[in-house]
Structure formats: structure tokens, C-alpha cells
Amino acid sequence: MHTHEGITMTQIASIVYRPKDQPNPDDDYLRVDLEEATLIAGHGIDGDAKGSHPDRGLNIMSYETLTILRTQGFYTEPGQMGEQIVIHQLDVDALPAGSRIQLGNEAVIEVNKPRTGCDKFQRIQKKDPATVQGQLGMMARVITGGKIKIGDPVKVLK
């Protein structure tokens, strides 16, 4: 975690994606860790099988929420909650729909709606997604594409 003059910076903690050319297992989220990625406007992460829906090309979560969920018995290694981008020091779940977030120097995403989990989430986590409503992060769409990498600064745009 980077600090500047004693202030903890909001930054990208992890990036994962599901490569287009690989089969998706039924009982796990196939996710590959990335050090860096390119976000494509209207899609999501370049090369990701998930980004086909223009309004929800990305699943974003808060690092701090994942830390809490881990203590409740959830599997929270990168991608295990179905998320793609984890952000340090930002309460993703508290962001109102329409919030725009800049990732790194170029990319901008817009938050649409809270994630709700699905049957697959229940199979993988062995827990009902209803038990974690409001803690699963947000669906977002990529407004402005660009390169991002772990450790990049993140800021909510006014």
C-alpha cells in the first residue's frame, strides 16, 4: 500500500479476467491475475470473456469489504467473489449509480448498479448471495478506455 505524507492512497489492489478462449468451469470462476490490463470503452478488460454487456463490463469491489468477508468464511482470493477489479481505500458499495471513477491516468468507468450474485456465486461460495447483499461491489461500464495496472491511483470524479 502506497502512502504519501501519511495518507493512504486509493489505488488498484488487483485485476483479474476470464480469457475468451478458455472454457468456464461450472464450480469456479476462471480468473487470471493480471499486473496490468487495457480497458476498452463499452466493453471491459481487453480479451475478457465477461465484457460483452455494454452496461456491466466490469465488476468492482472494495479491498476492505473482501477482508471482512474473508473473516466470515468466504473465499476471497483475487476473482473468487466474481470481481475483476479490487480497489484499496474506496467504499465501492457506497457509490451512487452514475458515479465516475478514474483508474490510472486515462481510464474512466461509471458505476451502474450493485452486484447481486448468482447461482454460480452460491455454488462456489457455498453461501446464499442474499447474505451479502450490499457488499458485493458494483457493476460498471467503461466510459474511457486506457491502460491500468496494480498500484495505479484511483479517484472518484466530481
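Reader: In what order do the three strands of the open sheet come?
Author: The order is 6-5-12, and the pairing is antiparallel. Strands here are DSSP runs (E, at least two residues) numbered from the N terminus, and two of them pair if DSSP finds at least two bridges between them.

Reader: Which strands are at the edges?
Author: Strand 6 (44–45) and strand 12, and each pairs on one side only.

Reader: How many bridges join strand 5 to strand 6?
Author: Two, with the strands running antiparallel. Ile 40 stands opposite Gly 44 in strand 6.

Reader: Before I go on, what kind of model is this?
Author: It's a predicted model, where local features need pLDDT of at least 70, side-chain atom pairs count only at pLDDT 80 or more, and totals for chains, interfaces and linings use all residues. Residues are numbered from 1 along each chain as its sequence is written, and side-chain values use heavy atoms, with hydrogens and water left out.

Reader: OK, new topic. Is Val 86 buried or exposed?
Author: Val 86 is buried, at a relative accessible area of 2%. Buried means under 20% relative accessible area, exposed over 50%, and partly exposed in between (1.4 Å probe, protein chains only).

Reader: Where does Val 86 sit, and what is it in contact with?
Author: Val 86 is in strand 8 (residues 85–88). Leaving aside neighbours within four places in sequence, its contacts (heavy atoms within 4.5 Å) include Ile 12, Ala 13, Met 61 and Leu 66. The C-alpha atoms of Val 86 and Ile 60 are 5.8 Å apart, though the two residues are 26 residues apart along the chain.

Reader: What about the largest nonpolar core, which residues have the most contacts inside it?
Author: Leu 39 and Leu 103, in a core of 24 residues. A nonpolar core is a set of buried Ala, Val, Leu, Ile, Met, Phe, Trp, Tyr and Cys residues joined through side-chain atoms within 4.5 Å. A second, separate core of nine residues includes Leu 66, Phe 74, Met 81 and Val 132.

Reader: Last one: where is Asp 152, and what does its side chain reach?
Author: Asp 152 is in the loop between strand 12 (146–149) and strand 13 (154–157). Its side chain reaches the backbone nitrogen of Lys 149 at 2.9 Å. Asp 152 counts as buried, with 8% relative accessibility.

Note on methods: Helix = DSSP H or I, 4+ residues; strand = E, 2+ residues; numbered from the N terminus. Polar contact = N/O pair within 3.5 Å; in protein donor to acceptor, adjacent residues only side chain to side chain.
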